[in-house]
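The structure comes first, then the notes on it.

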Amino acid sequence: TVNSIPDENIIQTNEEASLCKLDAVKLGYWQDPYLPMMVHGSLRHERKAPDMYKGYYARVKCVERLVLQFIAAVRRARGPDAVVQIVNLGAGYDTLYWRLHANAELVRQGKMRVVDLDLLPVTTKKCHFIRGHKQLMDLLIGEVRDGEVAHGELHSDEYDLISSDIRDTLQIERKLMDNCKLDPKQPTLFIAECVLIYMSTGSTKQLLSWIAKTFHTAAFINYEQVHMDDHFGQIMFDALKAQGCLLADADSCKSLEMHEQRFLKTGWDGAQAADMNQMCGSLPQADVDRVDRIAMIDEPEVLRQLFAHYSITWAQKGGADIGLDKIRL
Ligand code: SAM
């Protein structure tokens, strides 16, 4: 293996994240009619505190807002027929492709390619869920074909699901270019939502360098823990370690500046990071108020602490001519 972490523990983090997202969707934090079709219902799961659900809401909404800004920038600069490529690294059961397709405005516009990438046990289940739901299959364009790994991968004209370990850049390069036919000359957005923390700092560096070297115009949205060196952060860090699935060293997510530096040191032109308290300010206030009415937050100070320990980084390279450098968190 590339490193010593047992994959089962990592895979379990997706089940947990998906179940929490599903709870939040059922409680009305945001709408996602596709998620219930992805999540395996038979797992044991305890109800979480409202802070957690608000955290998931902010995470999903802030990532979605940046994705839409990326698509808008590409279409504005390159015209409505421009191809938009999105690669969701460690996608888990994320429903981004289907959510984008539910956005009539986007569908009327040009071509999109979305690639979901995860470890084989995760993509095998996702493949099974997709093939098992007519509503999900109906939104795939063109013929739906098996991938290199039958039952674990699939391809269609605008959506690909592939299994790969993102610590192995040679393998992802081969799969993205040869099997998914991504064009490194087209603007490409990479997303990593709670994923890089499960890799060594060296593997992340290698991945970010590879993207910057390979894609002419690229953007990256990274959602990850921050300030893992203070008291609250240490508790979070130890809990992750206790689950047996943490490999990044605490240093790599010590500060917002370190999150930015990670990109700037690996060939990216610009990077800006903000914590989730700051990011929440970018969401429509009326919607945040609506969410706050779903469940009372008992201790706003605890929520503020929690949000101070999660961050989003927006990075871009080669994107100035299409305005990717103008996108603000
Ligand atoms: N991004 C999804 C979301 O936010 O709902 C899933 C997040 S889950 C906490 C982390 C995901 O990253 C898991 O699905 C796991 O399998 C995937 N992952 C972790 N390390 C990976 C690696 N080296 N290669 C591919 N996927 C990986």
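The model is predicted, so local features are given only at pLDDT of at least 70 and side-chain atom pairs only at pLDDT 80 or more, while totals for chains, interfaces and linings use all residues. Numbering starts from 1 along each chain as its sequence is written, and side-chain values use heavy atoms, with hydrogens and water left out.

**Cores**

A nonpolar core is here a set of buried Ala, Val, Leu, Ile, Met, Phe, Trp, Tyr and Cys residues joined through side-chain atoms within 4.5 Å. Buried stands for under 20% relative accessible area, exposed for over 50%, and partly exposed for values in between (1.4 Å probe, protein chains only). The largest such core has 81 residues, and Val 67 and Ile 86 have the most contacts inside it. Helix H3 (residues 50–78) gives the most to this core, 13 residues; helices (H or I, at least four residues) and strands (E, at least two) are DSSP runs numbered from the N terminus. Another core, of 28 residues, lies apart from it and has Val 115, Leu 117, Met 199 and Trp 268 among its members.

Contact means heavy atoms within 4.5 Å. Leaving out residues up to four places away in sequence, Val 67 touches Ile 86, Leu 96, Leu 100, Leu 189, Ile 191 and Ile 221. With the same exclusion, the partners of Leu 96 are Val 67, Ile 86 and Ile 191. Leu 96 belongs to helix H4 (residues 96–101) and is buried, with a relative accessible area of 6%. From Leu 96 to Ala 72 the C-alpha to C-alpha distance is 16 Å, at a separation of 24 residues in sequence.

**Helix H8**

Which residues of helix H8 (residues 169–179) are buried? They are Thr 169, Ile 172, Lys 175, Leu 176 and Met 177. Their cover includes strands S1 (84–89), S2 (112–118) and S5 (159–163) as well as helix H9 (201–214).

**Positive phi**

Most residues other than glycine have a negative phi. Two exceptions are tabulated here.

| Residue | Phi | Loop | Relative accessibility |
|---|---|---|---|
| His 151 | about 70° | between strand S3 (145–146) and strand S4 (154–155) | 60% |
| Lys 181 | about 55° | between H8 and strand S6 (188–193) | 59% |

His 151 counts as exposed, and Lys 181 is exposed too.
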